[in-house]
Structures are given as structure tokens and as C-alpha cells.
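Dear colleague,

I am passing on the structure we spoke about, with some notes to read beside it. Please keep it open while you go through them.

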Amino acid sequence: MLIQEIMNAPAITVSPKTSVVDAATIMLDRRVSGLPVVDVGGNIVGIVSEGDFLRRSELQTERKRSWLLEFLTSPGKLADEYVLSHGRNVEEVMTSEVVTIAPNATLAVAVDLMEKHGIKRLPVVVQGKVIGMVCRSDLLRALANMPPKKKVQASDDQIAEAVIAELAHQSWSQNGFIKVSVQNGVVELSGTIFDERERLAAKVAAENVPGVKSVTDQITWIDPYLGVAMPAPSEAV
């Protein structure tokens, strides 16, 4: 799936000279958490988000420090914080270095960028012009709108082969210590693991194979440091 399939378009933008109050009002009225900032030519020059409006003098939420931390903080950082809490226009509080994405990029690229830069939204840009926005909520909406998987009839042998193939494909289970058997669509996982987290991962891998009705856990965990074997929980998972 591509960004152009889930983005919000056209993008709601503001100019650098837009007041902080007006920008906040637009966010509330349009129910958005961030706004691209564009110049008179429509080129993106920054982005402003609700996070930029948290530390405000009007709200008496400016950052407070002890006298010692205040003394140790550089004058430049204190000056930056003063601008953020007292600036009147968007250009004074916006982030100038904007991370953007192309409309033909995949959702995986968007998620990578969001995680790498710790951001929640990406302006969608073509030749410097903002044509849309994609946010975390758009990814959530795309997930919620995915069509349900069709029920597939599969034999026990086919299910077993599919589960084994999926486990073999994953780096955490390529050692082949997890065994698989299937009876009437019920998968039984047995064998040994050396990291307890592999138990749930194996269960999830089996659950996602078409035709599986349920999964029973009979895997034994062996503590890699003590060599102590811990049996599987007695109930099905």
C-alpha cells in the first residue's frame, strides 16, 4: 500500500506569519495535530504541531528549573525555550528541518521515518509542494479497514507444512527446536526454546496460518544459564 492511498489531501497549511493563536484555532477546528508551514510560493518551510504549544507563557507552563540547573543550562538553550514559550508567530516556534515523504512511498517507509525521527506525522511532498499529510491515525485507519481474511480449508498436513515453513523463515526459530503437529486443525507446538519470548512468537506464527482452529502450547523452556527445564503451561494458549 502506498502513502497516496491513505494520506489526507489537500493538506491544511499555514504561513510563517500566522499567529500562534490562529494556528491553534485551526488545529482545533480542523481536528488535526500538526500543520505544514508554507511560503507564498507553496513551498514547505517548516511544520508546527500541538507539542510546540505546550510550553506557553499564556498558560504559565514555561519550563521551570532549580537555580542550579538554570545555572548549568546554556544561554542558547534558555533563549530557544524563551522563543518557544513567548513567540507570537508560527515561524518563531515551528520546526524548520522537516521530514517529508513522497506520495508513491510505501507505508513501511513512513513507519521507518516516524520511528527513526520520533515524529507522528509526515507532510507528503512533490517537488517541494505539500500535497497532503499522513499521520499515525491514518496508518491505524488503514489497518482497521483491511478486509478480513477469508476462511481457508486446509488439511492437517498442509497446515503443519505452512507453520513449519513460517517458523523456518524467522531468525528467532531457525534452529528447528520447535516441533509442530496438527490434528483436526488444532496445532500443537512442542520442543524446546531458550528464550521465553519465543513461546508467544511461535503461537502467533501458528495462529496466522490459514485453516488453524486453535493452538496448544507444549513447548519446554530451558534456562540457557542454569540449564533448568521449565515445562509448558498446562492450559492451551
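This is a predicted model: local features need pLDDT of at least 70, side-chain atom pairs count only at pLDDT 80 or more; totals for chains, interfaces and linings use all residues.

Residues are numbered from 1 along each chain as its sequence is written, and side-chain values use heavy atoms, with hydrogens and water left out.

Strand E1 covers residues 34-38 (helices, H or I of at least four residues, and strands, E of at least two, are DSSP runs numbered from the N terminus). Of its 5 residues, 5 are buried, which means under 20% relative accessible area, against over 50% for exposed and in between for partly exposed, with a 1.4 Å probe and protein chains only. Gly-34, Pro-36 and Val-38 point one way from E1, whereas Leu-35 and Val-37 point the other way. In a regular strand, side chains alternate between the two faces of the sheet.

E1 pairs with strand E2 (residues 44-49) in the antiparallel sense over 5 bridges, where pairing requires that DSSP finds at least two bridges. Val-38 stands opposite Ile-44 in E2, and in the hairpin, with 5 residues between the strands, Gly-42 takes a positive phi near 85°.

The structure also holds 1 aromatic pair (rings of Phe, Tyr and Trp, the last by its six-membered ring, with centres within 6.5 Å; planes under 30 degrees apart are stacked, over 60 edge-to-face, the rest tilted). Phe-177 and Phe-194 form this pair edge-to-face, at 5.8 Å centre to centre and 65° between the planes. Because Phe-177 lies in the loop between helix H7 (156-169) and strand E5 (178-183), and Phe-194 in the loop between strand E6 (186-193) and helix H8 (197-207), the pair ties together parts 17 residues apart in sequence. Phe-177 is partly exposed at 37% relative accessibility, and Phe-194 is partly exposed at 36%.

Best wishes
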